[in-house]
Amino acid sequence: MRAPNQLVAAILAKLAAAVAPGVTTAELDALAEQWAREAGGVPAFKGYRGFPATLCVSVNDEVVHGIPSPARVLRAGDIVSIDMGVKLGGFYGDSALTVPVGDVPKETTALLEVTRQSLERAIAQVRVGGRLSDIGHAVQEWVEAHGYSVVREFVGHGIGEALHEEPQIPNYGKPGRGPTLAEGMVLAIEPMVAMGRPETKVLKDGWTAVTRDGSLAAHFEHTVAVTKDGPAVLTAPAA
Ligand code: MG
Ligand code: MG
């Protein structure tokens, strides 16, 4: 499963570098699809339950599942979550990151940092014999200690020969519960964090989830294998 996940990681790194004021979310999507197909990959989201694009691109108060559009122009001060899935060699890769567009307020930078750190802390819970809910607990503890909210309506997931497999991985909960982690399991862990209240709603396009209170939201995702040596982050950018 390294191949599809390394492809996603490489494309996300290039997309993050392409983010700038004046770029449209459709331009990012076109680049992502081109780079995936050039590498022999197939965009995993395009056509998934009718989703129309290669990327989910979610700006500011959009939490996840934003639809790329030529009308959506990124502006300095925005934050943009880019989520990508690819199928390659019969297996799926899935990862997401949130990046600032130009200069953003320090409060915004802090939201991105804390969300990224919550993912790192969640990944640190991935070990043979660990329990699934230890992952979400680690996210919730870190996020709420910084005064932010964990979005509850969307979850991480197992991943392999399908994009979304069991188990679901909430980003909150008490530790020591749920399935025991076993060698060879692969998990897409993806905290979604709101600066304000956690509640979300889906826009009329049927996809875009936004915070109900309009507060900023950040989203980071890695696909992680459970190994006897600990977590293997399959979507870690190449050194
Ligand atoms: Mg994803
Ligand atoms: Mg995912």
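Author: A residue is called buried when its relative accessible area is under 20%, and exposed when that area is over 50%. The model here is a predicted one.

Reader: Why is Asn60 called buried?

Author: Its relative accessible area is 17%, and the cut-off for buried is under 20%, so Asn60 is buried. Asn60 sits in the loop between E2 and strand E3 (62-64). Its phi is positive, about 60 degrees, although Asn60 is not a glycine.

Reader: What makes Arg49 buried or exposed?

Author: Arg49 has a relative accessible area of 71%. Exposed requires over 50%, therefore Arg49 is exposed. Arg49 also has a positive phi, of about 50 degrees, without being a glycine. Its loop runs between strand E1 (42-43) and strand E2 (55-59).

Reader: How do you know which residues are protein donors of the magnesium ion (ligand 2)?

Author: A donor is an N, O or S atom within 2.8 Å of the metal. Asp94 (OD), His157 (NE2), Glu190 (OE) and Glu221 (OE) lie 2.1 to 2.2 Å from the magnesium ion (ligand 2), so these atoms count as its donors. His157 belongs to strand E7 (residues 156-158) and Glu190 to the loop between strand E9 (186-189) and strand E10 (192-194), so the pair ties together parts 33 residues apart in sequence. Both His157 and Glu190 are buried.

Reader: What does Asp94 bridge?

Author: Asp94 bridges the magnesium ion (ligand 2) and the magnesium ion (ligand 1), which lie 3.1 Å apart.

How values were computed. Residues are numbered from 1 along each chain as its sequence is written. Chains are lettered from A and ligands numbered from 1 in the order in which they are written. This is a predicted model: local features need pLDDT of at least 70, side-chain atom pairs count only at pLDDT 80 or more; totals for chains, interfaces and linings use all residues. Side-chain values use heavy atoms; hydrogens and water are left out. Helices (H or I, at least four residues) and strands (E, at least two) are DSSP runs, numbered from the N terminus. Buried means under 20% relative accessible area, exposed over 50%, partly exposed in between (1.4 Å probe, protein chains only). Donors are N, O and S atoms within 2.8 Å of the metal (3.2 Å for Na, K and Ca); water is not among the atoms, so sites may look incomplete.
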